[in-house]
Amino acid sequence: MVPDNNRNEVEDYKLTVQVPETAHQVSTDSWLQAGFVLTTGVNSVFVLGYSGTIMVPLGWIGGIVGLLLATVLSLNANMLVAKLHEHGGKRHIRYRDLAAQIYGRRAYTITWAMQYINLFMINIGFLILGGSALKACFALFNYEHTMKLPYCIAITGFACTLFAISTPHLSALRVWLGCSTVLSLIYIIVACVLAAKDGANAPPRDYSIHGESSSRVFTTIGASANLVFAFNTGMLPEIQATVRQPAVKNTLKALYFQFTIGVVPMFAITFIGYWAYGASTSTYLLNSVSGPLWVKAAANISAFLQSIICLHIFASPTYEYLDTKFGIRGSALQLNSLSFRIAARGGYLVISTLVSALLPFLGDFESLTGALSTFPLTFILANHMYIVAKKDKLSTLQKFWHWLNVFIFALMSIAATIASLRLIAVDSKEYHVFADV
């Protein structure tokens, strides 16, 4: 319901800005709800791996400087995309729509492919992490016959399918965002407290960066991709589509919330985990901590449940595309809507689950996702689209800054792709398919 004092503003907006057709809701959510969606992504179950996938390869200086730089640059890039939301008098509720408006129809397909690869690989990560959390929980109570990771991933995929069928669109997550916040706080607080206790009682740790010079170069480049992966969704226009008017102003508020209050838990768990265990930090922090079984079990169950909610957020652009393409409208409980979600979303998650169980090399997929999709979508495209859209309004210095960003992040994307593919090739030799890692 639009508040009365905003009704005239919304009506004027409808007369001047065109809203594309979609089967999902547009302009229904507050900036705070959008902020919680963005913060849920930042503090997702992936934070349990950042001590190992970011800090271990980069060390204290590289890790801290890298995270701070990634925070500032990611906020700036996301603000650029947010400001282009109504470019050309049309509300761009999908990333590919915005690219097509600025570059032409060919860019629609290219951006669509990059974004959906990005989101698909993020969802693979959530399935692997959800399965890892479930496996860790089983292992706490059954040392001899713990369930293997591929089976845990399959259970996670089934749970995600049930959630996807019962939650029709992104705006329907309202109460679940509150649940997600509570779940995130549980595993973050547990991990921080237990890791701090271990660190306080442990002998001096080794914080050196291990490996030969050649391998350290590749792991450092891969960690740089993890840095940008940590802060960026690759689907800001889709989240912005749910925000009430004024959409640009409210989305900027949501971004400020994400990159101030929202990043504090992520920084805390990343730094405390690395301080406690040094170079031996696990890529899943709850595997490193020691403490009461029931506390660790609660943290792992929370991580498992939060991965289900987060996956739904990152899969929502795919669901919106399918629902709009096949005209699925009306009540979510109608037979045709329900049966379509079972078939379409179930099929998507079956494929995602199969790939996740087939190649469960989490850190490598984080790096490859950042290299192939997050760098281009968040930094290269954002800066170049802003140059093209605002070319007559930018000073020479502003243009230089945006072109510098395009050039640097293009080089980093190429280097990170090569490094990530090398890591996957190395791990593929060490692990077999459907590995129990």
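The predicted model has an average pLDDT of 85 for the protein, and 88% of the residues score at least 70. Confidence is lowest in helix α1 (residues 4-16), where the mean is 46, and highest in helix α11 (residues 264-277), where it reaches 96. The pLDDT stays below 50 over residues 1-15, a stretch that makes nine contacts in the model beyond near neighbours in sequence.

The largest nonpolar core comprises 109 residues, of which Leu48 and Phe231 touch the most other members. For Leu48, contacts outside the four neighbouring places in sequence are made with Tyr187, Ala191, Ile269, Thr283, Tyr284, Leu285, Leu286 and Ala303.

Rolling a probe the size of a water molecule over the atoms shows where empty space is left. Across the whole structure, the search identifies four cavities of 30 Å³ or more. The volume of the second largest cavity is about 90 Å³. This cavity is lined by 15 residues, and those closest to its centre are Gly41, Phe229, Ala230, Asn232 and Phe314. Two or more lining residues come from each of the elements α2 (31-42), α5 (105-141) and α8 (213-231). In terms of residue class, the lining of the second largest cavity consists of 10 nonpolar and five polar residues, with no charged residues.

At least two lining residues are supplied by each of α3 (50-83), α8, α14 (362-389) and α15 (396-430). Among the contributors to the lining of this pocket, α3 gives the most, with six residues. The lining of the second largest pocket contains 10 nonpolar and four polar residues, and charged residues are absent from it.

With regard to backbone geometry, Gln245 and Pro246 are joined by a cis peptide bond, for which omega is about -5 degrees. Pro246 is placed in the loop between α9 (236-240) and α10 (247-259).

Technical notes:
Residues numbered from 1 in each chain as written. Predicted model: local features only at pLDDT ≥ 70, side-chain atom pairs only at ≥ 80, totals over all residues. Heavy atoms only, no water. 1 Å grid on protein atoms, 1.4 Å probe; cavity = no way out; pocket = protein on both sides within 12 Å on 5 of 7 lines; lining within 4 Å. Points joined across faces, edges and corners; volume = space filled by probe spheres on them. Helix = DSSP H or I, 4+ residues; strand = E, 2+ residues; numbered from the N terminus. Nonpolar A, V, L, I, M, F, W, Y, C, P; charged D, E, K, R; others polar. pLDDT = per-residue confidence, 0-100. Contact = heavy atoms within 4.5 Å. Core = buried A, V, L, I, M, F, W, Y, C linked by side-chain atoms within 4.5 Å. Buried < 20%, exposed > 50% of the residue type's maximum accessible area, 1.4 Å probe, protein only. Lists of a residue's contacts leave out its neighbours within four places in sequence.
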